[in-house]
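Reader: I am new to this structure. Please show me how to read its features.

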Amino acid sequence: MKITQDKVAEIEYVLTVDGKVEDQSEPGDPLVYLHGHNNIIPGLEDALEGHEAGDKLSVTVTPENGYGERDDENVQVLPRADFDDDIEVGASYFAQSDDGSVNPFTVVSVSGDDVTVDFNPPLAGQTLNFEVTVVEVRDATAEELEHGHAHGEDMDDEDE
Ligand code: ZN
C-alpha cells in the first residue's frame, strides 16, 4: 500500500540541521500521521507521497516548505509582570491569545522589566534534512478521517 491521501503512515525519522540532530523518533515508536491533512510539514508530506513500507528516503526541506522564514516582527518585548517569578532564558512558554489559540515562544533575554521573547518556531529559517524510513501504511479509520489526524494503537482517543 502506498502513501496517498487519507492513508495513515508510520515513519521513523531523524531530523538534522547543519549536521546536528534536532529531533528523531524514538526506537520502536514511529511517528504516526494521517497523510494529506497538514499534520506534518508540507515538504516532508509531499516527499512521502507514493512511498510504501520499507522505503528509505532522504528529504531536504527548505524553510518555505518547513517551518517558514524567520520574521523579526515575531520577536517582541513583554512586561516582566506578565510572567511568574522565575523566567528562564532559552526556555519555552505558551501564550494564550484572545481567540483562544495557544502560541509557543522562547525567552531570548531578560533586562529589567523587559522580557524579550521570540514567537518564531525554533527551526524557522532552517533547511531541514530528514532521513526517513516508512514502517507501515494503512487505511485510516472513519474516526481518524473525522478527526483529521491519526490515532495511535495505545492512545486514549476519547477527548482528542
Ligand atoms: Zn482524534
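Author: We take ring pairs, then a metal site. This is a predicted model, where local features need pLDDT of at least 70, side-chain atom pairs count only at pLDDT 80 or more, and totals for chains, interfaces and linings use all residues. Residues are numbered from 1 along each chain as its sequence is written, and side-chain values use heavy atoms, with hydrogens and water left out.

Reader: How many aromatic pairs are there?

Author: Start with the rule. Rings of Phe, Tyr and Trp (its six-membered ring) pair if their centres lie within 6.5 Å; planes under 30 degrees apart are stacked, over 60 edge-to-face, the rest tilted. By this rule there are five aromatic pairs. One of them joins Phe83 and Tyr93: edge-to-face, 6.2 Å centre to centre, with 80 degrees between the planes.

Reader: Which parts does the pair of Phe83 and Tyr93 tie together?

Author: Strands (E, at least two residues) are DSSP runs, numbered from the N terminus. Phe83 lies in the loop between β5 (75-79) and β6 (92-96), and Tyr93 in strand β6, so the pair ties together parts that are ten residues apart in sequence. Ring pairs also link Phe83, Tyr93, Phe105 and Phe119 into a cluster.

Reader: Is Phe83 buried or exposed?

Author: Buried means under 20% relative accessible area, exposed over 50%, partly exposed in between (1.4 Å probe, protein chains only). Phe83 is buried, at 15%. Tyr93 is partly exposed, at 23%.

Reader: Which residues coordinate the zinc ion?

Author: Donors are N, O and S atoms within 2.8 Å of the metal (3.2 Å for Na, K and Ca); water is not among the atoms, so sites may look incomplete. Here His147 (ND1), His149 (NE2) and His151 (NE2) coordinate the zinc ion at 1.9 to 2.1 Å. Their spacing in sequence is H-x1-H-x1-H. His147 is partly exposed, at 28% relative accessibility. His151 is buried, at 7%.

Note on methods. Helix = DSSP H or I, 4+ residues; strand = E, 2+ residues; numbered from the N terminus.
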